Amino acid sequence: MNKTETVVSVKNVSKSFRLPTESSNSLRTVLVNRMKGIKGYKEQKVLKDISFDVEKGDFFGIVGRNGSGKSTLLKIISQIYIPERGTVTINGRLVSFIELGVGFNPELTGKENVYLNGAMLGFSAKEIDTMYDDIVDFAELHEFMNQKLKNYSSGMQVRLAFSVAIQAKSDILVLDEILAVGDEAFQRKSREFFEKIKRDKNKTVILVTHDMGAVQRYCNKVIYIKDGILEKSENLQDITNKYSEDNLETFENQTASSKKDKQDKAKIWIEKHSNYILSNPNETFDFDICYDVFEEELKSEDNLYIAYSLMDEKRGGIVYDSGSVKMTSNKLEVSLALNNFHNSDFRIIASLRKDPKIVNPNKPNETDMITYTKDGNDARFMLRDQADEHDYALLKKL
C-alpha cells in the first residue's frame, strides 16, 4: 500500500492584526499616549495555534462562520499573509483563487485579461497558450474575447474569472467561496468539473465555503474553525451538523427579543424542547407555542386560536399547516412527527388568532390574525437522516 503524501502541512499557525482605536495627526498626542501606555490600537487574535495536514488527492473543506479566521488561514496557505508563529509547508504547485477577477482590467479585452491574470498567477505566456482554448470553451465566451471587459455583463465576467481559476494547471487548487457562480447552466457545468477533479487523485483542492451541501458533496475531509481555534477535525457529518447548529443558535440568540412588547396587542413565541439537528425521521420535534396578551379586550376574549406552519427553508413552501387550534390556556404543546419529511432545513412559524367580528359565510371557519412569531421568536431545526435517498444535496446534484 502506497504511503499517503502530505502536500500542505500547517503547524501551530497563529496570526493577529492590530486594529487602530484612534487616529491622530499630532506627534505630541502620539508621544503622550505612548508615555501613558495608551497604544492607540487593539490586537485581534485571528488564528490561534492551528495545525492540520492535507494529503495528495484530498478535497479538503474549511468551514466556519464569518470572522472565524478561515479566509485569513487560506491567505496564509496561499502565502499572501505571513503567520506570526508556526509554519506552512507546501509540496507542489499551488494556485490560489481567493477572489474571482482580482487583477482584471476593464479597459483590456477578455483575451488580454486571461493572459494578464495568468501572468499574475505565475504562468508564462507559453503555458497560458496551452490553457487558453480550454478557458474560453469552459466560459462559453468565444465571440466576446476580443471585446473590452467593461462591456461584459457581471455574469460574463464571473464566468471568465472562474474559468481561468479552474483551468490553471496546478497540483493544489485553493478556492474561497466561489462554487456558486454564474447562471444555473454554468453552475451545473462547474459541479461536473468538481466531480471530475474529486476523482483525480493527483489533484488536491482546499475549499472554504458556507455551503454545507457542497462540503458533503465534494469533500472527503473537513475542519471547523471557530473564533480562530480549530474546533473540530473529525467526522465530516459531525462537523457540518455542528456548524449548522452553531449558526442556528447564533441566529436565535441575536434575533430573540423579549417576550413582551408593550407596542403590540399580544406576543407569541415558540419554545423548543428538541435538538437543533435530528438524525432519525422516526423522532419528533417537540415545542411549545406560548402567547401573552396586553390589551384588556383580548384578556377577556375566550375565542383565541393558534395556527402554526412548517416551512421548508431549502426547497421553499409550506409543507405542513395546523389550521386554527382553539386555546384554553396560554400554551400549546406540540410533538411534530417527522416521518413524512425528507432532509432539509425547516422553520416553524405561528400566529395568534381570534374569531372575526363579521363571519364570512363562504369561509365560516376563518379566523383573524392578532399577531405572529417575529423578531426571532419562531423555531428552526434540521433533519439530517443519512439513509434518506432524497437528501437535498443529492437533489441539487441531479
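This is a predicted model: local features need pLDDT of at least 70, side-chain atom pairs count only at pLDDT 80 or more; totals for chains, interfaces and linings use all residues.
A charge sits over a ring if NZ of Lys or CZ of Arg is within 6 Å of the ring centre and within 35 degrees of the ring normal.

K111 lies over the face of Y132, at 5.5 Å from the ring centre.

F138 also belongs to a cluster, in which ring pairs link it with F59, F162, F193, F194 and Y218.

Now the aromatic pairs. The structure holds 15 of them. In one, F17 and Y81, the ring centres are 5.5 Å apart and the planes stand at 70 degrees; over 60 counts as edge-to-face, so this pair is edge-to-face. F17 is in strand β1 and Y81 is in the loop between α2 and β4, so the pair ties together parts 64 residues apart in sequence. F17 is partly exposed, at 25% relative accessible area, and Y81 is partly exposed too, at 27%.

F59 and F194 form another edge-to-face pair, 6.1 Å centre to centre with 70 degrees between the planes. F59 lies in strand β3 and F194 in helix α6, 135 residues apart.

Last, strand β12, residues 284–293. How many of its ten residues are buried? Seven. β12 runs antiparallel to β10, with seven bridges joining them, and antiparallel to β16, again with seven bridges.

Notes
Residues are numbered from 1 along each chain as its sequence is written. Side-chain values use heavy atoms; hydrogens and water are left out. Buried means under 20% relative accessible area, exposed over 50%, partly exposed in between (1.4 Å probe, protein chains only). Helices (H or I, at least four residues) and strands (E, at least two) are DSSP runs, numbered from the N terminus. Two strands pair if DSSP finds at least two bridges between them. Rings of Phe, Tyr and Trp (its six-membered ring) pair if their centres lie within 6.5 Å; planes under 30 degrees apart count as stacked, over 60 as edge-to-face and the rest as tilted.
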